[in-house]
Amino acid sequence: VQFDSEVNKGIVLIRNPMHALTSLFDELYARKKHLPIKFQNAERRYKDGGPSIQDWISWRDRVFDGQLLQYGEFVRYWMKRYRDEERIIISYEDLMDDRGGK
C-alpha cells in the first residue's frame, strides 16, 4: 500500500468469527435475492422469504474452514503489523451493545 510505511498506529476492529460468518451468509443471500442487505432483523431471521436452515447449514459446511483460515490470517497480520503499544483492538460486539452485541 502506498502510504503503509507512514501509518504508525492502528485501530483494529475484530468481530467474533461466528457472528461474522452468519452475517456474511445473510449479506450474500440478500444480494443473491436482490434484497436490501439488512433485509431482516434477528427476530425474523429465516422467516418471510429468508434462507432456510438447510441453506445455512449447506453454505456453512462448504465455507467454514476457508473463512476461519482467512479470519486467522487477518488477525495474525494486524498483530504483526503493529506492536502492542501501537494498536488498539476493539471488539465489534462490544461496540454494538454492552450485553454482547445484541
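How many aromatic pairs does the rule give? The count comes to seven aromatic pairs, where rings of Phe, Tyr and Trp (its six-membered ring) pair if their centres lie within 6.5 Å.

## Basis of the model

This is a predicted model, in which local features need pLDDT of at least 70 and side-chain atom pairs count only at pLDDT 80 or more, while totals for chains, interfaces and linings use all residues. Residues are numbered from 1 along each chain as its sequence is written, and side-chain values use heavy atoms, with hydrogens and water left out.

## Aromatic pairs

W56 and W59 form a tilted pair, 5.9 Å centre to centre with 35 degrees between the planes; planes under 30 degrees apart count as stacked, over 60 as edge-to-face and the rest as tilted. Because W56 and W59 lie three residues apart in helix 2 (residues 53-81), about one helical turn separates them. Helices are DSSP runs (H or I, at least four residues), numbered from the N terminus. Both W56 and W59 are buried, meaning under 20% relative accessible area, with exposed over 50% and partly exposed in between (1.4 Å probe, protein chains only).

W78 and Y82 form a stacked pair, 5.9 Å centre to centre with 20 degrees between the planes. W78 is partly exposed, at a relative accessible area of 25%, whereas Y82 is buried, at 4%.

## Aromatic cluster

One aromatic cluster is formed by F25, Y29, W56 and W59.

Technical notes. Helix = DSSP H or I, 4+ residues; strand = E, 2+ residues; numbered from the N terminus.
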